[in-house]
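Trainee: I would like to learn how to read single features from a model. Where do we start?

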Amino acid sequence: MSKTTRKRKRRVNAPLAAAWIALTLSAVLMVVVGVMMFFVKASDGDVYAAIDDGTFYEGISVNGKNIGGLTYDEAWELLSEDVDTALRSVGINLKVGADAWLLSAADIGMYSDLDDVLFSAMALGRDDSVVNNAKKQNELKENGENFNISYSIHESIARDKLAVINEAVCTLPINATCTPVSVSAEMKPTFNYIDGVDGKVLDIDAALTSLSEAVTSGSFTATIAPEMVYQEPEITVETLKASLTQRSYATTWYGDSSAHRNRYRIANVFKAASMLCGTMIENEAVFSFNEFFGPRTEADGWQLAPGIVDGGRYEDQPGGGICQVSTTLYNALLLAGPEIEIVERHNHSIRATYADYGLDATVSYGGPDLVFKNNTGAPIYIFAFTDNENYITHIYIYGLPLEEGVRYEIEGKLDETIPQPENSYQDMPNWPTGFEYTFMKGREGYKATAYRYKYVNDQLVDTEVLYRDYYREKATLIQRGVGDPNLPKPQITG
């Protein structure tokens with residue numbers, strides 16, 4: 001045979017060799033796949049598929065009841081009767097001293113793990129490899145396997161029930177308190193501190209543990225007796241002292257005119273300051289000046305003293321002069337920092353000479369009010385005193401201290417003076433011609449801006465524009481007679 005022939009035969013054999021290699025690899029792959037099918041574990045998806053379409057293998061029981069051959073729904077219906085019976089049997093006796101409560105399954109949110117048990121039972125003989133599943137199925141037929149349903153409580157439901165019981169048996173703690181007892185030589189308040197009292201409350205966490213242990217152990221009619229524990233008050237004398245430092249201080253002077261020194265007006269200022277002194281405003285509470293003092297009437301001890309009426313003239317009224325206190329309080333509130341939120345405030349129609357432009361606060365029951373909210377994070381205390389020898393109203397605000405090194409100053413600046421308008425006249429036909437009476441004195445108007453300055457370690461770090469006020473100008477109003485000159489002159493008082 002020639003060399004040419006031999007070469008041709010080798011070329012013919014090459015494709016055959018490739019085919020044999022491919023067949024061999026395919027056979028090996030099939031063997032590997034087959035082995036994997038026998039030895040790789042099944043997934044949860046196979047178990048869920050069995051729940052939908054399959055039955056439990058023979059030999060499986062729950063709570064001693066055979067469920068082999070049943071579908072998931074059939075087994076659930078069979079066993080749910082046991083669960084319902086168990087839940088109805090619950091009557092746990094909770095004793096606190098001489099009192100007792102019988103707790104039902106609903107009271108403690110008791111529930112079973114039936115669904116989890118049935119899932120685990122359905123997984124037997126299905127959740128492993130083919131080989132191991134077959135082995136497990138044979139073991140089930142020979143020896144069987146039993147599952148038990150267990151029970152638990154919903155902690156949130158049980159806690160709510162225990163909280164209701166606690167309200168019936170607990171003695172709430174009483175917070176420490178303080179009251180102003182005297183005024184020092186420097187006109188600063190001193191305090192009398194009264195210790196708080198511990199309360200006794202149900203140990204809810206311990207009671208929850210006892211309930212859970214009784215239910216999980218199957219003691220559905222157990223008696224538990226959780227202890228009462230002492231609860232300290234939230235506010236002690238120590239915490240009260242730490243939170244009671246002078247936060248701000250303001251004064252106003254009422255000795256600048258005889259009208260301000262009117263003894264009845266001074267009596268009203270003293271009465272208002274005395275009522276306000278020692279007032280506590282809780283954190284996040286809102287204080288209304290008018291609601292606190294109520295209507296100002298003579299029957300309630302308010303004296304007749306000059307007060308602004310009709311926005312332009314003075315007339316005696318019960319409580320006249322009380323704005324001296326509201327204005328002083330307002331200044332103290334501003335100096336206490338922005339954590340005290342001014343909700344409502346109004347300037348007078350006539351500028352008050354005892355305060356800077358824009359820093360007064362008028363009040364009138366049923367009308368303008370001074371309202372603020374305490375956002376300091378703790379209660380604040382207001383102390384008000386009058387020095388009637390020097391005609392000074394003092395107001396202190398005590399509470400949590402300002403931040404380290406922080407203090408505030410306030411200022412009202414006059415922006416514009418508006419000239420007084422020309423006189424206006426009101427003709428009075430029942431008065432004789434030529435008789436005139438100045439019913440209301442005119443005045444200039446003012447526009448002003450109020451500022452609050454923040455200092456840190458005596459360095460100005462912020463200037464806050466609080467608002468702008470307008471004190472309206474008024475013309476002098478003269479009432480003049482236009483009637484018969486022979487008419488009698490009117491008798492005018494005031």
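Mentor: Start with contact, which means heavy atoms within 4.5 Å. The model shown here is predicted. Take isoleucine 392, which lies in strand S21.

Trainee: Which residues does isoleucine 392 touch, not counting residues up to four places away in sequence?

Mentor: Isoleucine 392 touches Thr251, Thr252, Trp253, Tyr254, Phe385, Thr386 and Asp387.

Trainee: How is the burial of isoleucine 392 read: buried, exposed or partly exposed?

Mentor: Buried means under 20% relative accessible area and exposed means over 50%, with partly exposed in between. Isoleucine 392 has 23% relative accessibility, so it counts as partly exposed.

Trainee: What share of the chain counts as buried?

Mentor: The chain has 494 residues, and 38% of them count as buried. Its secondary structure comes to 12 helices and 27 strands. For contacts between residues at least 6 apart in sequence, 75% join residues at least 24 apart.

Trainee: Where is glutamate 284 placed, and what is its phi?

Mentor: Glutamate 284 is in the loop between strand S14 (279–281) and strand S15 (286–288). Its phi is near 70°, again a positive value in a residue other than glycine. With a relative accessible area of 55%, glutamate 284 is exposed.

Trainee: Now a helix. How does the span of H12 agree with its number of residues?

Mentor: The expected span is 1.5 Å times one less than the number of residues. H12 has 13 residues and should therefore span 18 Å; its end C-alpha atoms are 18 Å apart, which agrees. Burial can be read over the helix as well: 13 of the 13 residues of H12 are buried, so the helix is largely enclosed by the rest of the structure.

Trainee: Which contacts does serine 326 make, leaving aside its neighbours within four places in sequence?

Mentor: Serine 326 is placed in helix H12 (residues 323–335). It is in contact with Phe289, Ala361, Val363 and Leu370, apart from those sequence neighbours. Its side chain also reaches the backbone oxygen of cysteine 323 at 3.1 Å. With a relative accessible area of 0%, serine 326 is buried.

Trainee: What lies on either side of the helix?

Mentor: Glycine 321 is in the loop between S17 and H12. Its relative accessibility is 11%, so glycine 321 counts as buried. Setting aside neighbours within four places in sequence, glycine 321 is in contact with Arg265, Val269 and Pro306. Just after H12, glycine 337 takes a positive phi of about 100°.

Trainee: What does the side chain of arginine 452 reach?

Mentor: It reaches the backbone oxygen of leucine 334 at 2.9 Å. Arginine 452 is in strand S25 (residues 445–456). Among the residues that arginine 452 touches, not counting those up to four places away in sequence, are Leu333, Leu334, Gly337, Tyr408, Glu409 and Asp462. With a relative accessible area of 6%, arginine 452 is buried.

Trainee: Last, pockets. What shows where empty space is left?

Mentor: Rolling a probe the size of a water molecule over the atoms shows it. Here, the largest pocket has a volume of about 700 Å³. It is lined by 35 residues, of which Pro306, Gly307, Ile308, Tyr314 and His348 lie nearest its centre. Strand S16 (304–309) and strand S17 (313–318) are the elements that give two or more residues to the lining.

Trainee: Which element gives the largest share of that lining, and how does the lining divide by class?

Mentor: S16 gives the largest share, four residues. By class, the lining has 15 nonpolar, 15 polar and five charged residues.

Definitions and conventions. Residues numbered from 1 in each chain as written. Predicted model: local features only at pLDDT ≥ 70, side-chain atom pairs only at ≥ 80, totals over all residues. Heavy atoms only, no water. Buried < 20%, exposed > 50% of the residue type's maximum accessible area, 1.4 Å probe, protein only. Polar contact = N/O pair within 3.5 Å; in protein donor to acceptor, adjacent residues only side chain to side chain. 1 Å grid on protein atoms, 1.4 Å probe; cavity = no way out; pocket = protein on both sides within 12 Å on 5 of 7 lines; lining within 4 Å. Points joined across faces, edges and corners; volume = space filled by probe spheres on them. Nonpolar A, V, L, I, M, F, W, Y, C, P; charged D, E, K, R; others polar.
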